[in-house]
Amino acid sequence: MSAPQAGERLRVTALEAGAIRHVRLAGSTGNIIDAAMSRALHDLFRDAGRARDLKAVILQGEGAHFCYGASVEEHLPEHVAGMLRGFHGLFAAMLDSAVPVLAAVRGRCLGGGLELAAFCHRVFASPDAQLGQPEIVLGVFPPLASTFLRERVGRGAAEDLCLSGRTIAAPEALRVGLVDALADDPVEAALTYAREHLLPRSAASLRHAVRAVRCDLTARFKVDIAAQERLYLDDLMKTADAVEGIRAFLEKRPPRWRNA
């Protein structure tokens, strides 16, 4: 059955006698990851790590899009420290859970939404999906993507996405390795993968395999993220342009960069 979680931020359906949890991001147009969504996802993965028989989590966005990204309002100076730590905490919970996570992407998958999808073990996308890290357009940068995206797509493609802020179509995302497979119905593709390749395995063995393949990432995650947070909060957010870019977006006007 589908159960609302944390004020409707997540809708969770248990499948295959609880061996799969199908999770829909919800709560707003574009499934924005705000503080409440971060807490709901953190709690979801914390609980997943305790579920002995769970073999896969499948993430999708409610409606036409996967996720527009993190809340821009929460990037303002008075909110940004708490926003970053809560958002990064949910990724730490993903790592700690050691459960295989599959992303099913339709429509836009941007910013923090792309970080969430790219952190999954497999990404299935519809041919018309659009993926990107547009933070630089707002005068900021994506700490998580800066930490691990190069492991998925290589340094060149990761730097292109993070420095240009451009959005790429699903076929290009497949070519660079950001997406693992294209499917007209990415949710069904993710379910098929889970049923064929994960359900026949031992849940306990899968947890150990996940820890093994991510051993290096897990070991350096907290150190790298702490350094990224310091760069973001102590340096970037003291510049005029970081605040200007965010305010310009919220005010729906072009930014007036001072290059300082």
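Colleague: Are Phe 119 and Phe 148 buried or exposed?

Modeller: This is a predicted model: local features need pLDDT of at least 70, side-chain atom pairs count only at pLDDT 80 or more, and totals for chains, interfaces and linings use all residues. Residues are numbered from 1 along each chain as its sequence is written, and side-chain values use heavy atoms, with hydrogens and water left out. Buried means under 20% relative accessible area, exposed over 50%, partly exposed in between (1.4 Å probe, protein chains only). Phe 119 and Phe 148 are both buried.

Colleague: How many aromatic pairs does a search of the whole structure find?

Modeller: Rings of Phe, Tyr and Trp (its six-membered ring) pair if their centres lie within 6.5 Å; planes under 30 degrees apart count as stacked, over 60 as edge-to-face and the rest as tilted. The search of the whole structure gives six aromatic pairs.

Colleague: Which geometry do Phe 87 and Phe 91 show as an aromatic pair?

Modeller: Phe 87 is buried at 5% relative accessibility, and Phe 91 is buried at 0%. Their ring centres are 5.1 Å apart, with 80° between the planes. The Phe 87 and Phe 91 pair is edge-to-face.

Colleague: Which residues form one aromatic cluster?

Modeller: The cluster includes Phe 87 and Phe 91.
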